[in-house]
Amino acid sequence: MSTQARTSGSGIPSTLTSGYYTSDRILFNVVGYLLVGLFGLACLVPFYLVIVASFTSEAEVMKYGYSLFFRKFSLEGYILSLKNPTLIIRAYVNTIAVTVIGTAFATFLATMTGYVLQRVDFPWRNKFSFFFFFTTLFNGGLVPWYLLCTQVLGFKNHYWALVLPGMFSVWNMIIAKNFMKSIPHEINESAIIDGAGNFTIFFRLIVPLSKPLVATLTLFTALSYWNDWYNCMLFMNKQEMWTLQYYLQKLLNDAQALRMIADKSGISTPFIPINAMKMSLTVIVTGPIILLYPFLQKHFVKGLTIGAVKG
Amino acid sequence: MQRPNSATQPLVLSASQAVRPPVRIPRLPFRKMLRKNASFLVMLLPATLFVLIFSYAPMGGILLAFEKYRYADGIFGSPWNGLKNFEFFFLAGKAWTVTRNTMLYNLAFIAVNMFLQVTFAVILSEVKGKVFKKITQSSMFLPFFISWVVASSIFYNLFSYEYGVLNGVLKSFDAKSIDIYANASAWPFILVALQAWKSVGYGSVVYLASITGIDQQIYEAADIDGANVWQKIRFITLPSIVPTMIIMLLLALGGIFRGDFGLFYQLVGNNGNLLPVTDIIDTFVFRALMSSADIGMSAAAGVYQSILCLITILIANKAVKMMQPDYSLF
């Protein structure tokens with residue numbers, strides 16, 4: 001530690017003054033930049049490789065495998081994925097519709113329920129809170145839930161099967177509840193004196209005051225709807241009802257499904273460019289998220305700890 | 001079925017916080033209370049119905065675990081068969097294997113993830129390069145945004161036996177290709193690495209937030225005393241985030257019997273070679289249900305998992321309560 005650093009006790013962090021690069025600091029920076037840099041690279045490079053592969057022709061893949069660099073630029077995978085685009089456009093439409101509708105409902109329900117459960121003048125708030133919370137502690141397991149959805153509610157091949165299961169999340173409700181606890185109760189009281197009902201208070205006062213919360217819940221819910229393949233896998237047999245993720249899953253794992261997809265696009269079966277298509281479809285499926293990522297990332301980072309505010 | 005640990009969720013760290021002055025609620029006859037709170041009840045109605053249908057009704061389905069289920073007869077018409085399903089799951093089934101796998105994988109995930117998350121958070125809080133920090137944080141957070149389906153496609157690109165990038169590179173060095181799908185012993189490492197790849201960026205944000213909350217004056221005082229970087233990390237940063245670490249650890253331990261279905265299902269699928277080392281309770285239940293071979297047995301496995309989960313979360317919560325009452329879940 002140099003003398004300059006030691007004498008800079010004037011409120012300016014000594015690390016900002018000239019004595020910053022001491023030997024321990026240099027060692028730490030070398031190790032630190034290396035570790036974080038390598039991990040960051042490991043997170044990024046696979047995406048780059050998929051993009052490279054998506055622009056490779058099937059013949060090239062067959063010959064050399066997926067490569068590290070662009071060898072010969074080819075749109076084959078994309079052209080064949082989009083040649084007869086009915087299925088993929090359907091999948092896009094399904095995914096967007098399910099995401100929009102599901103997110104709207106889920107955010108609204110979590111916020112409204114959370115609001116009621118944090119109102120100190122609601123006499124049964126603890127009983128209801130426990131009623132909701134208990135479901136996170138214990139559940140009947142997958143089998144009864146699945147049988148209920150298929151046998152009783154008739155979810156098979158019905159679009160609601162993609163929206164309903166995610167429409168209310170107790171965890172998001174708890175986050176909403178925690179967030180709204182920091183809004184002073186006096187706001188409710190004064191509005192009541194002014195003659196406002198609870199719905200009015202919620203929509204006109206609480207929601208505008210909870211914008212960061214609503215934004216966070218919207219983002220996280222939208223992401224989980226967009227990325228959902230589970231419900232589609234459980235309930236959807238018809239190709240035209242598939243979502244993007246499930247479409248990709250089928251393409252990746254299921255030669256049978258692949259043949260059906262190829263038949264629809266009018267390619268003769270022995271020559272399906274499976275490997276090129278797999279990668280271009282991956283890009284098509286992930287594209288919107290990657291494009292939105294720079295704009296959304298900071299909100300996700302902020303929102304991640306929103307349910308954990310103290311004070 | 002709610003999947004609370006399906007990463008796409010903001011964190012719930014504290015259930016109780018701001019101490020708010022209690023409001024006196026006058027005691028009224030029930031009917032009057034109902035009328036007075038009617039609007040609240042209307043607001044709660046949709047969520048209540050949802051939970052009743054999708055969470056409480058399936059709890060009644062636990063009966064399935066004690067029945068010989070037949071589709072034609074339904075839950076209430078099928079004959080009882082006592083503990084046969086459980087017996088089958090434990091004796092002929094693979095109860096021990098899947099329980100062990102679920103638990104060990106989760107332990108490995110927790111240990112590796114926490115180590116990397118804390119390490120990266122500490123590094124990111126100490127280094128100065130703004131651009132570097134921004135770029136690495138963005139790229140570390142990126143895998144969080146994709147589904148396990150896309151992740152498995154990425155994995156195929158890298159490790160496919162015939163076309164994978166890895167084998168392409170090996171070939172160009174005249175080295176032997178690696179068939180990862182035939183090599184079961186590699187999979188525990190692969191799965192742990194993938195899980196870390198996908199969730200370390202997300203988790204390090206939490207620790208970074210906790211480090212930013214540390215009083216800067218402590219570091220200044222340490223500077224004046226001539227502490228070096230390692231000492232500051234060892235004696236200031238790490239001790240300050242221990243509470244956060246403990247809470248995260250305990251909450252993670254509470255879910256130790258709930259596997260990451262997406263990871264295991266998308267990456268491994270039904271690959272028989274790999275199942276002994278990669279089958280977890282969740283995938284086992286799912287396969288048993290889908291093959292329709294034995295509804296009763298898979299229901300029994302589900303109930304078994306639910307009970308294990310309940311017990312561990314109760315213990316974990318008790319532990320959190322003892323350490324930091326503010327952070328307990330209930």
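Modeller: Start with a term: axes are lines fitted to C-alpha atoms, for helices over the stretch in contact, and angles run from 0 to 180 degrees between N-to-C directions. Helices are DSSP runs (H or I, at least four residues), numbered from the N terminus. This is a predicted model, and local features need pLDDT of at least 70. Residues are numbered from 1 along each chain.

Biologist: How do I read a helix pair?

Modeller: Two packed helices are described by the angle between their axes and the distance between the axes.

Biologist: At what angle do α11 and α15 of chain B cross?

Modeller: Roughly 165 degrees, for α11 (residues 229–254) and α15 (residues 295–323) of chain B. Their axes come within 7 Å. The pair is therefore roughly antiparallel (angles over 145 degrees). The crossing of α11(B) and α15(B) is right-handed (the near helix is turned clockwise from the far one by less than a right angle).

Biologist: How far apart are the axes of α2(A) and α16(A)?

Modeller: They are 8 Å apart, and the angle is about 130 degrees. Helix α16 covers residues 274–304 of chain A.

Biologist: Which helix gives the nonpolar patch its largest share?

Modeller: Helix α2 (residues 23–54) of chain A, with four residues. The patch includes Leu41(A), Phe70(A) and Ile79(A).

Biologist: Where is Phe70(A)?

Modeller: Phe70(A) sits in the loop between α3 (58–64) and α4 (76–83) of chain A. Its relative accessible area is 44%, so Phe70(A) is partly exposed (between 20% and 50%, with a 1.4 Å probe and protein chains only).

Terms used. Chains are lettered from A and ligands numbered from 1 in the order in which they are written. This is a predicted model: local features need pLDDT of at least 70, side-chain atom pairs count only at pLDDT 80 or more; totals for chains, interfaces and linings use all residues. Side-chain values use heavy atoms; hydrogens and water are left out. Patches are made of residues with over 30% relative accessible area and no salt bridge: like charges are joined within 9 Å, nonpolar side chains (Val, Leu, Ile, Met, Phe, Trp, Tyr) within 5 Å. Accessible areas come from the Shrake-Rupley method with a 1.4 Å probe; for residues, only the protein chains shown count as cover. A salt bridge is a side-chain nitrogen of Lys or Arg within 4 Å of a carboxyl oxygen of Asp or Glu. Helices (H or I, at least four residues) and strands (E, at least two) are DSSP runs, numbered from the N terminus. Angles under 35 degrees count as roughly parallel, over 145 as roughly antiparallel, 65 to 115 as roughly perpendicular and the rest as oblique.
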